[in-house]
Amino acid sequence: MAMELASLTRCQTVQALALLLFFLLVGSSMALPAQPVMDRARWQVDKVNRRGPSIGLVMSYIDEATALQSSGYFKPWHVHPFIDLYGRRFHIGSIRGVNVIYALTGQRRLNAAVTVQTLIDVFSVSGIVHYGTAGSSNDSMSFGDVSVPKFVAYTGAWTWKKFKSPKESDTELNFGEFNVPNGGGNLLGALKYRNEELYSVGKPMKEVFWLPVDSAWFRIAEGLKVKLERCNDTFCLPTTPKVVCGLKGSSADMFLDNAEYRKFLFREFGVSTVDEESAAVVMTTTSPGIPVIVFRGVSDLAGGEPTWSSTSLMNLASINALKVAVEFIATVGKHKGTTLAQK
């Protein structure tokens, strides 16, 4: 009886091992097709990087990418016009003779950060240029204007405080102050804005609120002379838009369409534009010390009563932001060429 049990146990063990081997073989065979795809992508990336450093160009909305595609500024590289990585398409080419790799990030900060991090880690990039549309938070910016902020902040990280908690900071959003018809207490309490944790190469972690764009690139942007568009296919603005440098911008994972909160952001933080991605782009590039600049065209008054709808103006705002970004890329490329010639 004992011998029969032992024989049965050995038989079961052999069967189990055979079954395990079968699943391992099936699993490896299913994984095999992915390996040649990754090998081909690595080969393509190596070939792209052998062209030399490129400027990474990122935008968040499809309309912003469409403005670039229809403009004729971008010239695809005939060898590898694009590379698909991690669900995103990275377009390889040039603008005004400068190597450029552009990608549509998708909306909000996680998408923006992942795309920029991929550009930095995979490709040889000398800096990141971010352009797109934004809402205006005060009268310093008009429809169609392009803001080149010197500082951006992420204003979507809060500590949500208890009802009747003592005030800890000058920049808290107290819901009771916005009660209608009269101010007073509100069970929602108040929001205390939080800093971001910035990790940089060779430096200890630092808590920051304001994130600066690259100072050298900002000085170049200040010297740009760009004639912006006043009209699109629908209508014309009453005045020609302008480029405004040195203001502040804010980002949060929400579309702002509330006049009182817009006024609060301007009053407490002095921000002139609001969007969803700029802070993430700047923070991701600041960590490794890669230059970054932001161009945002004003498409609407965040939470106002605009004369025109934001959808009508988004096209014009995208085109104007793109025009400034293109002129900046050409200027940076010319500057690098002059530097190399002098060397």
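Biologist: Which hand does the disulfide of C231 and C236 have?
Modeller: This is a predicted model. In it, a disulfide joins C231 to C236, with S to S at 1.8 Å. The torsion about their S-S bond is about 110°, so the disulfide is right-handed.

Biologist: How many disulfides does a search of the whole structure find?
Modeller: A pair of cysteine sulfur atoms must lie within 2.5 Å to count. C231 and C236 meet that cut-off at 1.8 Å. The search of the whole structure gives a total of 1.

Biologist: Is C236 buried, partly exposed or exposed?
Modeller: Buried means under 20% relative accessible area, and exposed means over 50%. The relative accessibility of C236 is 40%, so C236 is partly exposed.

Biologist: Where is Y86 found, and is Y86 buried or exposed?
Modeller: Y86 has a positive phi of about 55°, although it is not a glycine. The residue is found in the loop between β3 (82–85) and β4 (88–95). Its relative accessible area is 59%, so Y86 is exposed.

Biologist: Where is R96 found?
Modeller: R96 is not a glycine, yet its phi is positive, about 55°. Its place is the loop between β4 and β5 (98–104).

Biologist: How much accessible area does the nonpolar patch on the surface have?
Modeller: W158, W160, L188 and M254 form this patch. Of these, W160 is found in strand β9 (residues 158–161). Together, the four residues have an accessible area of about 380 Å².

Key. Residues are numbered from 1 along each chain as its sequence is written. This is a predicted model: local features need pLDDT of at least 70, side-chain atom pairs count only at pLDDT 80 or more; totals for chains, interfaces and linings use all residues. Side-chain values use heavy atoms; hydrogens and water are left out. Buried means under 20% relative accessible area, exposed over 50%, partly exposed in between (1.4 Å probe, protein chains only). Patches are made of residues with over 30% relative accessible area and no salt bridge: like charges are joined within 9 Å, nonpolar side chains (Val, Leu, Ile, Met, Phe, Trp, Tyr) within 5 Å. Accessible areas come from the Shrake-Rupley method with a 1.4 Å probe; for residues, only the protein chains shown count as cover. A salt bridge is a side-chain nitrogen of Lys or Arg within 4 Å of a carboxyl oxygen of Asp or Glu. Helices (H or I, at least four residues) and strands (E, at least two) are DSSP runs, numbered from the N terminus.
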